[in-house]
Amino acid sequence: MTEPTSPLAIGDYRRYWMARFLAVSATMSMVVLLGYQLYAVARDDYGMSVPEASFQLGLLGLAQFIPLFVLTPVAGLAADRFDRRYVAAFANGIDGAVGVLLAVLTYADALNIPILFALAAAHGAARVFVGPAMSAIAPNIVPPALLPRAIALSSMAWQTASVAGPAVGGLIFAQSEWLPHAISAAMLLAAKGLIVSVRPIRAKHDGPRLKPLRQIAEGMVYVWRERFLLGCITLDLFAVLLAGATALLPVFARDILFVGPEGLGLMRAAPALGAASVALFLSFRPLERDVGLKMLWAVAVFGALTIAFGFSRSFLLSLAILAAMGAVDMVSVFIRSSLVQLFTPDDKRGRVSAISGLAISASNELGEMQSGLAAALLGATGAVVFGGAGAIFVTLAWAWYFPELRRARSFEPDTLKREVTT
């Protein structure tokens, strides 16, 4: 039998790709609209000022992060001990229930701030389980030589869904506020069916299996001791935590650019459109040389573009900047995801993916809280500009403190390990 030349030639990977696309489309639509609804409820029903309502968006990020922080060790362990398909399907089921509740409560006009925080927390709990399981599935269903392309295609599914979900959800929301949540719930059910149709997947284990608590500790110690992994994961954590303008997009949409929920959907979709375009290119022409340096440059440029977005008062210019931010972020995400997966043994991929996912979620959700707090103190523009400058500083600091990142030149596993450990 001839080896496949593309991940899409593998039936299991096609089902995995479609499940990822549907699930991300649904959850991104729900999260964007949930943030807009919270901001609207805070302003209209509770009579909050713009800074006060902005701070509520920061607290919404915290509500999503707390379950992620608490459950990450359990989620990583589950991905390494159980069939990864069912772990992902379980998480999609939780998110589907969140979608149903959002649809019903929106239709009944029964939303308030505590309910929205509770639903955000439930979504955070679902995300913590789906991330490690889905990330660890791809290396089990494609040959190692195709893994960088598989990661690029998977990233394209994520980013394309991040375009379609908010944009379509925002357009439908403007006509019927409950309907996009109902559609999201149906898409999550379909994703659940697709992922369980992939062949059974369990992590490969050498030697006797450790007790659960020791397995959790083993994964954390492994990341802490491997400076290369620690540098990759924490670079994303601190840079995006500071430069995350996403939480403040409802403020820009409603009170700075005056474009409403339709404009918010386009603004949330613009970074994903830029990222999807780059992911498509990388799926055919993956990066091969000086990957570590390119990752660092991408994060620095992301910070500079964040500053530019903060100062923009043109809707079209803001969309263009957001698309460029998504494009350079995709370069960083593609390189980091490939390096982490290729550097990590299969029996630890679930736990390492969980720790990496926690860092990403911390950068997003805690970044939203940081943005909300900074906006309350500095205004939305000041908060975004401050964050972009912080991301540039973090990149320079990590390039100096983790020289292993600069030394990573290729995606070939054995060569990579020699390069970063010399």
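Reader: What share of the 422 residues of the chain counts as buried?

Author: First, this is a predicted model, where local features need pLDDT of at least 70, side-chain atom pairs count only at pLDDT 80 or more, and totals for chains, interfaces and linings use all residues. Numbering runs from 1 along each chain as its sequence is written, and side-chain values use heavy atoms, leaving out hydrogens and water. Buried means under 20% relative accessible area, exposed over 50%, partly exposed in between (1.4 Å probe, protein chains only). By that cut-off, the buried share of the chain is 59%.

Reader: How many helices and strands does the chain have?

Author: Both are DSSP runs numbered from the N terminus: helices are H or I with at least four residues, strands E with at least two. On that count, the chain has zero strands and 15 helices.

Reader: Why is helix α9 largely enclosed by the rest of the structure?

Author: Helix α9 covers residues 249–256. Its buried residues are Leu249, Pro250, Val251, Phe252, Ala253 and Ile256. So α9 is largely enclosed because the buried residues number six of the eight.

Reader: Is Leu179 buried or partly exposed?

Author: Leu179 lies in helix α6, residues 179–196. Its relative accessibility is 32%, so Leu179 counts as partly exposed.

Reader: What percentage of contacts between residues at least 6 apart in sequence join residues at least 24 apart?

Author: Contact here means heavy atoms within 4.5 Å. Among those contacts in the chain, the share joining residues at least 24 apart is 86%.
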